[in-house]
Structure formats: structure tokens, C-alpha cells
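I opened this model to look up a few things. My notes follow.

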Amino acid sequence: LLGFLAHLALAGLGLLWLVRRLGGGWAPALMAALGFALSGFFVVHLMHPNFVYSAAWLPWLLGALHGLVHRFTARDAALAALFVGLGILAGGLQLVYYGYGCALLLASTWALTAPELDHRGRLLRLAALGGVFALGAALTAVQLLPTAEFAALSVRADGVTLDVARSYRLPSRQALHLAVPFLFGLDGRTPFVAGQNYHEAFGYFGVLALPQAGAALARRPRL
């Protein structure tokens, strides 16, 4: 429980730092930090602590990547590689695949669209982004290499068929969980009728995040 609470605090502090680095004031940064740390995803995944632990490093990674693109310093590069490694070592590899992959895509978009960069500057940023992710993964070789060895002995060693993978897709109606968390019941207390695993498909943003998302879409600031 202490580890879970510590990583909730870590997640909130990371988003606070990220919003401040993006130019936001203290008030929106605090609101965003609380909304992220207390979101439905973190709360419902108490039973999957490795997901929470890896997700907690994501805003720290985004902040370092933003600094790497716009300031291009060795400090930001080192921080980005460190946060990639810490996220992998936390054990939530699914979160790393999707969350950190999206972070790389976002940072690449920042590099390609930054008006102050010329063609050479954009190429240097893209190369640096790839480098910090590779370095971060290399830092975790002490865990990744044994994991790869034991994965060959797991029940999923032969891979997952397309039909099995599709069986875990999110039903379209369950997207309503993003705004209404108990629309289809509460697993373990009331009948849950949405069809997909309650915990793994739960994505409620939270009462703090929803109005902030609406305000952000209305303003559409350029980051």
C-alpha cells in the first residue's frame, strides 16, 4: 500500500512539473496533477501495481522529452533515458509499449513542428529521441534479458492469435466509462454487464480531468 501511495504522489508531482514546464500556471498544474494521480485508472489498478508504477513515470518522461526537443541539453537527454529505464524496471511493460510509445510519437511531433528548428535541427532532435529510448532500454538489460529468457517458458510463449487478441478489444459502448464510471455496474458489488474485464478496461478520467479536458480543447494552446 505504501508503494502504491508513493507512486500516486510521484505521478502527481510529475504532472505538476510537466504542466509547469509546458508554461502552465500553478493553479492548472495542481488541478492536472490531482486529476491524474487520483484518476480512475490509478485507483482501479490497485490490484496491478506494476501498471501504476510504470504509468507514474510517464509525465516525468514527457517533461524531459519536451526539454530535449526545445532546449536540446545533455541534462534533458540523461533524464529522459533515466525515466525510460525506470518505467521499464517498474514492470508494467504494456504501459511501456503503449504509453511510452505514444510519448515518443508526441515528442517526435514536437520536433517536426517546432518553428524555431531548421531541417538539420529537426533531424538531430529525432536522432536524440531515438537514442535516449535506446539508452533507457539498455539500462534495464539486467531485467530485460532474464525476462526474455523466462518469457520463452511462459504459457504465451507461442504467441497470441489474432482472434484471441480481438477478444480483449474494448466494446464501443464501454467508452462511456470515460465519463460515467458505474454506468454498467460495479464489479464485485453489482452485476457488471459491459462485457469486458472491468479492471483492465476501466478508463474513467475523473471529475477533475473532464472539465480540464474540455477547457483545453476550447483553448487549444500551442505547446
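First, the terms: I call a residue buried under 20% relative accessible area, exposed over 50%, and partly exposed in between. I also keep in mind that this is a predicted model.

Entry, salt bridges. I looked up how many the structure holds, and there are two. In one, the side chains of Asp76 and Arg21 meet at 2.8 Å, N to O. Asp76 sits in helix H6 and Arg21 in helix H1 (residues 2–21), so this pair ties together parts 55 residues apart in sequence. I checked burial next: both Asp76 and Arg21 are buried. For Asp76 the relative accessible area is 1%.

Asp76 also meets Arg71, side chain to side chain, in a salt bridge of 3.2 Å, N to O. Arg71 has a relative accessible area of 44%, so I log Arg71 as partly exposed. Through shared partners, the salt bridges join Arg21, Arg71 and Asp76 into one network.

Entry, backbone. Most residues other than glycine have a negative phi. Phe72 lies in the loop between helix H5 (58–70) and helix H6 (74–89). Its relative accessibility is 33%, so Phe72 counts as partly exposed.

Entry, surface. Which residues form the nonpolar patch on the surface? I found Leu1, Leu2, Leu5 and Leu46, with about 470 Å² of accessible area together. I then placed Leu46 in the loop between helix H3 (40–44) and helix H4 (49–56). Leu46 is at 46% relative accessibility, so I log Leu46 as partly exposed.

Technical notes:
Residues numbered from 1 in each chain as written. Predicted model: local features only at pLDDT ≥ 70, side-chain atom pairs only at ≥ 80, totals over all residues. Heavy atoms only, no water. Patch = residues over 30% accessible without salt bridge, like charges linked within 9 Å, V, L, I, M, F, W, Y side chains within 5 Å. Areas by Shrake-Rupley, 256 points an atom, 1.4 Å probe, with all protein chains shown as cover. Salt bridge = Lys/Arg side-chain N within 4 Å of Asp/Glu carboxyl O. Helix = DSSP H or I, 4+ residues; strand = E, 2+ residues; numbered from the N terminus. Buried < 20%, exposed > 50% of the residue type's maximum accessible area, 1.4 Å probe, protein only.
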